[in-house]
Amino acid sequence: MPVLAGLVVDVVRFLDCCEDDEVDPDAAVRVMESVSWVLTRLPHGRREGFLTVLADLATTETDPGRREFLQAFPFACGLLDERPATTRD
């Protein structure tokens, strides 16, 4: 699951950061919304597993930008309602 979780995050990160001439902005938003929709419908156990994998990936990530994106991903996709105070800084 770590490889798939990392791939999902990297695809969303690419779509979030790409220029308008790389990917149509409306298409990028539709794909990111679709990813969020699917992830929020995961059964509770699988969602918890996915969140654990994301946290593990963020802990071991050496690229600060990717680490920050991994940490923010569950909140941006609606998997969690708010970030704990310890990860906001």
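Helices here are DSSP runs of H or I of at least four residues, strands are runs of E of at least two, and both are numbered from the N terminus. The model is a predicted one, in which local features need pLDDT of at least 70 and side-chain atom pairs count only at pLDDT 80 or more, while totals for chains, interfaces and linings use all residues. Residues are numbered from 1 along each chain as its sequence is written, and side-chain values use heavy atoms, with hydrogens and water left out.

Rings of Phe, Tyr and Trp (its six-membered ring) are paired if their centres lie within 6.5 Å, and the planes count as stacked under 30 degrees apart, as edge-to-face over 60 and as tilted for the rest. By this rule there are 2 aromatic pairs. Phe69 and Phe73 form a tilted pair, with 6.3 Å from centre to centre and 45 degrees between the planes. Ring pairs also bring in Phe50, which is linked with Phe69 and Phe73 into a cluster.

A residue is called buried under 20% relative accessible area, exposed over 50% and partly exposed in between (1.4 Å probe, protein chains only). Phe69 is buried at a relative accessible area of 17%, and Phe73 is buried too, at 2%.

Glu61 is found in the loop between α3 (44-60) and α4, and with a relative accessibility of 15% it counts as buried. Apart from neighbours within four places in sequence, Glu61 is in contact (heavy atoms within 4.5 Å) with Arg66, Arg67 and Leu70.

## The chain as a whole

The protein chain has 4 helices and 0 strands, which follow one another from the N terminus as α-α-α-α. Its radius of gyration is 13 Å, close to the 12 Å that the globule rule gives for 89 residues, so the chain is as compact as a globular protein of that length; the radius is taken over C-alpha atoms, and the rule is 2.2 Å times the number of residues to the power 0.38. Along the principal axes, the C-alpha atoms fill a box of roughly 35 × 30 × 25 Å.

Of the 89 residues, 30% count as buried. Among contacts with a separation of 6 or more, 54% are between residues 24 or more positions apart.
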